[in-house]
Amino acid sequence: MHVSIVGSGYVGTTVAACLAELGHDVTNVDIDEDIVAAINDGESPIHEPGLADLVAEHAGDTLRATTDYDAVRETDVTFLALPTPSEDDGAIDLAYMEAGAASLGEALADKDGDHLVVVKSTVVPGSTEEVIAPAIEETSGKTAGEGFHVAMNPEFLRMGTAVEDFLDPQKIVFGAREAAAYDTLGEVFEPLVAESDAAVVETGIREAEMIKYANNGFLASKVSLINDIGNICKEFDVDAYEVADAIALDDRIGGKFLRSGLGWGGSCFPKDTNAIIAAARDAGYEPPVLEAAVEVNDLQPERLLSLLDERTDVAGERVAVLGLSFKPGTDDVRKTRAVPVIEGLQERGADVVAYDPVAAESFDDSYPDIEIEYADSAAEALEGARAAVAVTDWDEFAALDSEFDAMATPLVLDGRHIVERREGVEYVGLTW
């Protein structure tokens with residue numbers, strides 16, 4: 001099939017490259033000329049393992065990019081993968097989606113025959129039918145369900161494993177109203193379904209919108225719950241990881257997302273959890289469990305810093321921060337736990353030097369008001385440091401050993417259970 005994707009960010013580029021890998025002819029539409037040029041030159045505009053290879057392989061052949069929305073007229077289906085940033089109260093801002101839908105509608109005005117528009121971005125229930133479809137109707141002069149169809153296909157892509165997640169999914173969700181929409185989505189994903197064990201869920205549009213929020217809300221709450229339990233374990237001098245290993249043997253609980261520590265960040269959990277809380281409040285319901293999950297998550301960095309306070313005064317001292325990305329395998333620093341940790345250290349008068357294998361530039365660009373020193377290696381960051389704080393669980397931090405000997409005082413506070421304990425280093429785990 002010929003597929004178009006509006007938006008060439010993290011989701012849009014990943015989906016485009018993966019659909020090209022499945023054998024589809026894919027056109028990316030984006031207003032950023034630099035991103036369009038990069039894709040056409042075979043370069044991925046984002047850092048994601050495996051994605052650069054797919055873009056390089058298919059660009060110029062079955063994968064191309066353009067700034068011209070009219071290109072969608074030559075395609076069978078269009079996925080909208082545009083940003084939905086957070087408002088101050090946590091609600092999502094649909095301005096980019098509305099603008100993209102309006103431009104898409106203008107392009108579809110002169111197209112003969114049906115066209116399927118699929119919302120790929122994460123939007124709260126009702127957004128597709130009440131905001132996006134009307135925007136297309138207004139500029140196309142067509143009616144949803146007649147001149148074009150709308151559907152919802154939520155993404156479940158994790159930073160650092162997005163390509164793997166797309167090509168080997170656990171579930172694929174189709175939210176639609178008409179049989180024609182289900183049929184077209186089935187055709188798009190048929191190569192993937194044929195090669196994987198993915199469950200295909202056919203449901204309504206609002207249900208599909210909610211499934212993404214329910215998915216992330218449940219996982220975020222699970223992380224906060226194990227962190228809450230881990231905090232209790234710490235008070236009783238109990239190893240939280242041994243406790244987690246035992247409860248994971250219960251198939252009602254399972255072993256995933258039981259690594260207690262600094263909590264969750266990134267572009268999905270914080271935004272999606274806050275968005276569905278805001279939407280629920282607007283609907284007249286206060287969701288206490290999700291609110292508690294956010295509260296526990298927000299407290300974890302300060303708990304780690306309180307453990308530091310119990311052991312040393314860092315005023316005027318060099319402190320190494322290991323890791324800036326919100327998780328390993330990505331340079332994404334959105335809502336990273338490194339921010340509250342660094343801010344807390346600077347409030348205590350520390351001189352912060354940070355190291356991350358790939359995210360230093362992204363961090364510096366994203367947080368220009370946070371002035372810190374950047375090291376080129378973990379060893380450089382640790383040299384002469386009064387303390388070290390592990391924020392991101394990059395594998396290379398597990399291999400550190402003699403590097404700690406260069407510290408002024410070898411005190412390591414591990415927020416991710418990644419640093420190996422050893423003699424000569426005072427090791428402090430956050431929840432264990």
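**View 1. Ala350, a buried loop residue.** At 7% relative accessibility, Ala350 counts as buried (under 20% relative accessible area, with exposed meaning over 50% and partly exposed in between; 1.4 Å probe, protein chains only). Ala350 sits in the loop that links helix 12 (338–347) to strand 10 (351–355); helices (H or I, at least four residues) and strands (E, at least two) are DSSP runs numbered from the N terminus. Leaving aside residues up to four places away in sequence, Ala350 touches Val314, Ala315, Gly316, Glu317, Val319 and Leu345, where contact means heavy atoms within 4.5 Å.

Before we move on, please note that this is a predicted model, in which local features need pLDDT of at least 70 and side-chain atom pairs count only at pLDDT 80 or more, while totals for chains, interfaces and linings use all residues. Residues are numbered from 1 along each chain as its sequence is written, and side-chain values use heavy atoms, with hydrogens and water left out.

**View 2. Lys212 in helix 8 (residues 205–235).** Lys212 is buried, at 3% relative accessible area. Beyond four places in sequence, Lys212 touches Thr122, Pro154, Glu155, Phe156 and Asp272.

**View 3. Leu258 in the loop between helix 9 (240–247) and helix 10 (269–282).** Leu258 has a relative accessible area of 9% and is buried. Its contacts, not counting residues up to four places away in sequence, are Lys222, Ile226, Ala244, Ile247, Ala248 and Ile253.
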